[in-house]
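Here is a guided walk through one model, taken a stop at a time. Keep the viewer open and follow along.

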Amino acid sequence: MIECDLQGKVCLVTGAGKGIGKDIAIRLAHARAHVICVSRTEQSCSAVAQSIIDAGLSAEHFAVDVSSSQSVSDMCSAILSKHERVDILVNNAGITRDNLIMRMSDGDWLDVLNTNLSSSFFLIKNLVRPMIKGRWGRIINISSVVGCMGNAGQCNYSAAKAGLLGLTKSIAREVASRGITVNAIAPGFIRTSMTESLGESVVEKIKENIPLQSLGEVSDISSVVEFLCSEGARYITGQVLHVDGGMYM
Ligand code: NAD
């Protein structure tokens, strides 16, 4: 059991409408943070925020496309005028548009770069100044094992996820003296809608390359996010935590 009491902390999770982001939002709310659930569709992020409120905990939601600099800036202005600062930022929103490079369109390259990488830049840029003023903060970027190992058919996705690691390490150095840690988590294959479409035979093949021989669950990622938010992790920054059943060693 992680000792993590986030009472009084404001936390923002992107891609909180389903999958890993939803589980992170719910877990941080149970640790008593006020959780701002952000995703593209109103229906999904409002449902997650409402389920948190129905459990007697604290949340609100914003339906925003985080790949748009202007939309992120407008949302952050609204949040900062209400809460003054965000203490914990989890950049989790992500998409895939897979293809071999010869068939990959410029649009699929840019959509994946903008959603998986530029979004994190937009959010950090808008939220870091008040976080610095508060002299405490946690920034957690959700990368991927594919950002460390590469994967045929995913040059856009692996480039974006590898880019997130450089972003993480650079910003960790910029803000370390202000009590803010910046880390990345690199999940392996986790059971969500992103992996659901793979089919059983592909999943069996994937398992052959996972030393722990099974796909991960969303809770395997949200528990590491909670740990990174806790005081127990205060001396960890600029790191990549590999949560992948041993795929990348
Ligand atoms: P998912 O598809 O189940 O959920 C993604 C969430 O991101 C959704 O709520 C969606 O609305 C939101 N989102 C997508 N584009 C957005 C945008 N432009 N603006 C706002 N919100 C947007 O995905 P998941 O499997 O839960 O993955 C979450 C993160 O973990 C992603 O960054 C993904 O790349 C990463 N990841 C997942 C796996 C896996 O096996 N599932 C493995 C490694 C890394």
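Predicted model: local features only at pLDDT ≥ 70, side-chain atom pairs only at ≥ 80, totals over all residues.

Start at the side chain of Asn183, where a polar atom lies 3.0 Å from the backbone oxygen of Ile236.

Residues are numbered from 1 along each chain as its sequence is written, and side-chain values use heavy atoms, with hydrogens and water left out.

Asn183 sits in strand E6 (residues 180-187); helices (H or I, at least four residues) and strands (E, at least two) are DSSP runs, numbered from the N terminus. Is Asn183 buried or exposed? With 1% relative accessibility, Asn183 is buried, a label for under 20% relative accessible area, with exposed meaning over 50% and partly exposed in between (1.4 Å probe, protein chains only). Leaving aside residues up to four places away in sequence, Asn183 touches a set of residues including Ile139, Ile140, Thr168 and Leu228, where contact means heavy atoms within 4.5 Å.

Strands E4 and E5 (residues 137-142) run parallel and are joined by 4 bridges; two strands pair if DSSP finds at least two bridges between them. On the E1 side, 3 bridges join E1 (residues 10-14) to E4, again in parallel, and Leu12 has Leu89 as its partner in E4. Within E4 (residues 88-91), Ile88 and Val90 point one way, Leu89 and Asn91 the other, and all are buried. E4, helix H4 (residues 106-134) and E5 form a right-handed β-α-β unit: with the strands pointing away from the viewer, the path from the first strand over the helix to the second runs clockwise.

Finally, how many disulfides does the structure hold? It holds 0, a disulfide being a pair of cysteine sulfur atoms within 2.5 Å. For Cys76, the closest cysteine sulfur is in Cys11, 13 Å away, so a bond is out of reach. Cys155 is in no disulfide either, as the nearest cysteine sulfur, in Cys148, is 17 Å away. Cys76 is buried at 1% relative accessible area, whereas Cys155 is partly exposed at 25%.

Key. Polar contact = N/O pair within 3.5 Å; in protein donor to acceptor, adjacent residues only side chain to side chain.
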